Amino acid sequence: MRMRWGRPAAAAAAVCGLVLAGCGGASEQETVDWANGLCSSYSTFREAALVGPAPAADPAGQAKSLSVYLGDTASSLDTALSRLDELGAAPVAGGDQAVTKFRDQLTRYRSAFQLARTQVDGLNLRSSTLQRDMEGAVAPVLGLQDTDQDPLAGLDAAVTDAAAKAPACQDLSRLRN
C-alpha cells in the first residue's frame, strides 16, 4: 500500500520547521535581559567597593573600619558570583565566554579583598607603624588597579550589542568613566 502525504503532512512539516527555527535563537529582549543580569552581578561589587571604609579618628579605628569595608566588599563579591550562577545559559553568542570572564575577574577580586582583610585583621592595633602596616596589608586590593578594569572589554560583539541596551551595563559604563 502506497501512502500519500499530501497537504496536511506538508503543512505539519512547515509548522515543525517554524517551531524549531523559533527555538534556535533568543529574542533581542531576552539577550538584553541576560546582559542586564550579567552587568548587575558586577555592579553589586562596584557599588560596595565605591563606598570605601568609614572615616575614623585614629589608626586603630581606621584598621577596624578598613576590615569591615574589606569584609563587606568580599561579601558583595560572593553575591555577585551567585548572581552569575543564576543567569543560566547564555542566549547570545559569546555569552558563555563573557560569564567566564566576569567570574574569573570577580573571583580574583574576592581573593584580593579576603586576603587584605585577613592581613588587616592580623595587624597589631597598638603598633607605632600601624598606618604603614595597613597600607601594606591592602596591597592585594591596590594591585587590582593595575588589572583590566573593564569587564565588557574584548567580549563578542553580540554580547556588547546587548550590553549597550541593558540598563545595568549602562550604569556600569558610567561608573568606569
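User: Before we start, what should I know about the model?

Analyst: It's predicted, so local features need pLDDT of at least 70 and side-chain atom pairs count only at pLDDT 80 or more, while totals for chains, interfaces and linings use all residues. Residues are numbered from 1 along each chain as its sequence is written, and side-chain values use heavy atoms, leaving out hydrogens and water.

User: Which secondary structure elements does the protein have?

Analyst: Eight helices and zero strands. Both kinds are DSSP runs numbered from the N terminus: helices are H or I with at least four residues, strands are E with at least two.

User: How do I read a pair of aromatic rings?

Analyst: You describe it by the distance of the centres and the angle of the planes. Rings of Phe, Tyr and Trp (its six-membered ring) pair if their centres lie within 6.5 Å; planes under 30 degrees apart are stacked, over 60 edge-to-face, and the rest tilted. Searching the whole structure here turns up five aromatic pairs. Take Tyr-42 and Phe-45: their ring centres are 5.8 Å apart and their planes sit at 85 degrees, so this pair is edge-to-face. Both residues lie in helix α2 (residues 28-51), three residues apart, or about one turn of the helix.

User: Which kind of pair do Phe-45 and Phe-113 make?

Analyst: Edge-to-face, because the planes are at 75 degrees, with the centres 6.0 Å apart. That pair links distant parts of the chain: Phe-45 is in helix α2 and Phe-113 in helix α4 (residues 95-121), 68 residues apart. Ring pairs also join Tyr-42, Phe-45, Tyr-69, Phe-102, Tyr-109 and Phe-113 into a cluster.

User: Are Phe-45 and Phe-113 buried or exposed?

Analyst: Buried means under 20% relative accessible area, exposed over 50%, and partly exposed in between (1.4 Å probe, protein chains only). Phe-45 has 5% relative accessibility, so it counts as buried, and Phe-113 is buried at 3%.

User: Which residues have the most contacts inside the largest nonpolar core?

Analyst: In soluble globular proteins, nonpolar side chains tend to be buried together. A nonpolar core is a set of buried Ala, Val, Leu, Ile, Met, Phe, Trp, Tyr and Cys residues joined through side-chain atoms within 4.5 Å. The largest one here has 45 residues, and those with the most contacts inside it are Trp-34, Leu-38, Phe-45, Leu-70, Leu-106 and Phe-113. Helix α3 gives the largest share, 10 residues.
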